[in-house]
Amino acid sequence: MKIILCGAKGQLGTECNGLLSQNHSVRALGSGELDIRDGKAVFAAVEDINPDVIINCAAFTRVDACETERESAYALNVKGPENLARAAKERDALLIHISSDYVFDGKKEVPVPYLESDPTGPVSFYGRTKWEGEEAVRNECPRHMIVRTAWLYGERGGNFLKTMLRLATGRPDQPIRVVNDQYGSPTWARRLAMQIGALIMSGKGGTYHATSEGWCTWYELAVFFLETMGIRREVLPISTNEYPTAARRPKNSILENSRLKEEGINVMVDWREDVMEFSRRAGKLLILEAQGGR
Ligand SMILES: NC(=O)c1ccc[n+]([C@@H]2O[C@H](COP(=O)([O-])OP(=O)(O)OC[C@H]3O[C@@H](n4cnc5c(N)ncnc54)[C@H](OP(=O)(O)O)[C@@H]3O)[C@@H](O)[C@H]2O)c1
């Protein structure tokens with residue numbers, strides 16, 4: 001299939017490019033090659049390339065910055081997908097748009113997971129823009145897949161695991177304090193790219209949850225990850241109240257991949273398995289990066 005990949009240089013975009021290029025013809029476009037906020041440029045690219053599938057990995061992902069940089073967040077997370085949806089409809093292409101667990105309010109009792117059919121209720125501006133981006137795609141493009149994921153990590157870009165490594169290899173006199181009352185499913189960008197590959201071949205559509213199996217808190221994730229890296233360092237569990245941030249986060253953002261399972265195409269595995277594999281493959285480079293970054 002001919003695929004346009006937007007946001008191709010981000011954490012997920014890089015993995016999608018590497019993986020999907022093995023079986024498809026992928027035009028990987030970073031923000032410098034295609035600004036998805038620019039409707040005319042989006043139409044021109046889609047007209048020119050005439051893809052079967054458009055994948056949107058581009059987004060304003062800095063959750064706290066979304067609270068203060070609202071116009072930029074809206075333009076990228078709502079207008080961008082709307083432009084892609086209109087262009088995809090015009091060419092009868094399938095649009096795969098990536099969304100987030102933060103569209104939910106997190107009030108379900110832990111560990112009851114959110115299903116695709118559950119009502120949304122974002123508690124942050126980021127979550128609101130991700131929800132409105134989803135709605136734009138639903139309204140504008142009949143052939144779509146909305147893929148909600150969570151707590152992404154990968155080799156490219158910044159993420160929670162890299163932050164933990166930087167702290168852990170940094171000043172030993174400073175304890176690492178990590179929130180222990182938010183629950184979710186850490187998801188490896190490479191595994192999600194595999195899932196997107198399976199979705200492309202499924203010929204289906206609609207909204208999907210795609211996160212690792214199982215769940216944990218940020219604290220539990222930090223402890224497990226550092227263990228897999230062979231790093232001994234004290235990590236202190238703290239509450240959300242002890243770590244104030246500009247944006248509120250849902251307490252429970254555990255997602256169930258119910259539609260993937262119903263359709264027999266769930267490739268996601270337990271989060272611990274993927275964190276171990278990630279550390280095994282990327283560990284040395286991650287440590288060099290963490291040390292170099294200081
Ligand atoms: N990260 C998470 O924990 C998480 C959790 C749940 C859901 N998600 C969703 O998963 C998707 C992928 O996230 P990610 O972590 O891979 O994001 P990321 O690493 O922040 O990558 C986002 C990409 O968007 C590109 N971009 C920025 N402005 C653009 C524009 N105007 N036009 C085109 N591209 C633009 C960026 O390019 P430049 O670098 O050139 O600016 C960057 O490569 C997003 O939809 C996100 O909302 C992420």
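**Figure 1. The shell around the ligand.** Helix H1 contributes the most to the shell around the ligand, with 3 residues, where helices (H or I, at least four residues) and strands (E, at least two) are DSSP runs numbered from the N terminus. Both helix H1 (11–20) and strand E4 (94–100) supply at least two residues of this shell. The structure is a predicted model, in which local features need pLDDT of at least 70 and side-chain atom pairs count only at pLDDT 80 or more, while totals for chains, interfaces and linings use all residues. Residues are numbered from 1 along each chain as its sequence is written. Among the 27 residues around the ligand, those that come nearest are Gly 7, Gly 10, Gln 11, Ser 31 and Ala 58; a residue is near a molecule or strand if its C-beta atom, placed from the backbone, lies within 6 Å of it. Sorted by class, the shell holds 12 nonpolar, 10 polar and 5 charged residues, with Ala, Val, Leu, Ile, Met, Phe, Trp, Tyr, Cys and Pro counted as nonpolar, Asp, Glu, Lys and Arg as charged, and the others, Gly among them, as polar.

**Figure 2. The whole protein.** The protein has 10 helices and 12 strands, and its C-alpha trace spans about 60 × 40 × 40 Å along the principal axes. A compact globule of 294 residues would have a radius of gyration near 19 Å, and the protein agrees with this because its own value is 19 Å; the radius is taken over C-alpha atoms, and the globule rule is 2.2 Å times the number of residues to the power 0.38. Of the 294 residues, 47% count as buried, where a residue is buried if 20 or more other C-beta atoms, placed from the backbone, lie within 10 Å of its own, exposed if 12 or fewer, and partly exposed in between. Of the contacts with a separation of 6 or more, 82% come from residues 24 or more positions apart, two residues being in contact if their C-beta atoms, placed from the backbone, lie within 7 Å.

**Figure 3. The largest nonpolar core and Cys 6.** In soluble globular proteins, nonpolar side chains tend to be buried together. The largest nonpolar core here has 85 residues, and Leu 5, Cys 6, Ile 54, Ile 55 and Leu 95 have the most contacts inside it; helix H4 gives the most to this core, with 7 residues. Such a core is a set of buried Ala, Val, Leu, Ile, Met, Phe, Trp, Tyr and Cys residues joined through C-beta atoms within 7 Å. When its neighbours within four places in sequence are left aside, Cys 6 has contacts that include Leu 29, Leu 34, Ile 36, Ile 54, Ile 55 and Leu 84.

**Figure 4. Cys 16 in helix H1.** Cys 16 is found in helix H1 and counts as buried because 27 other C-beta atoms lie within 10 Å. Its contacts, leaving aside neighbours within four places in sequence, are Leu 5, Ile 55, Cys 57, Ala 193 and Ile 196. Although Cys 16 and Arg 190 are 174 residues apart along the chain, their C-alpha atoms are separated by 7.3 Å.

Figure 5. Helix H7 (residues 189–202), with 14 residues, reaches 20 Å from its first C-alpha to its last, close to the 20 Å expected. Among the buried residues of H7 are Ala 189, Arg 190, Leu 192, Ala 193 and Ile 196, and the helix is followed by Gly 203, whose phi is positive, near 75°.

**Figure 6. Backbone features in the loops.** Most residues other than glycine have a negative phi, and most peptide bonds are trans. Asp 92, in the loop between H4 and E4, is not a glycine, yet has a positive phi of about 55°, and it counts as exposed because it has 10 C-beta neighbours inside 10 Å. Trp 151, in the loop between E5 and strand E6 (152–153), is also not a glycine and has a positive phi of about 45°, but Trp 151 is buried, with 23 other C-beta atoms within 10 Å. A cis peptide bond, with omega about 5°, joins Val 110 and Pro 111, and Pro 111 lies in the loop between E4 and H5.

Terms used. The expected span of a helix is 1.5 Å times one less than its number of residues.
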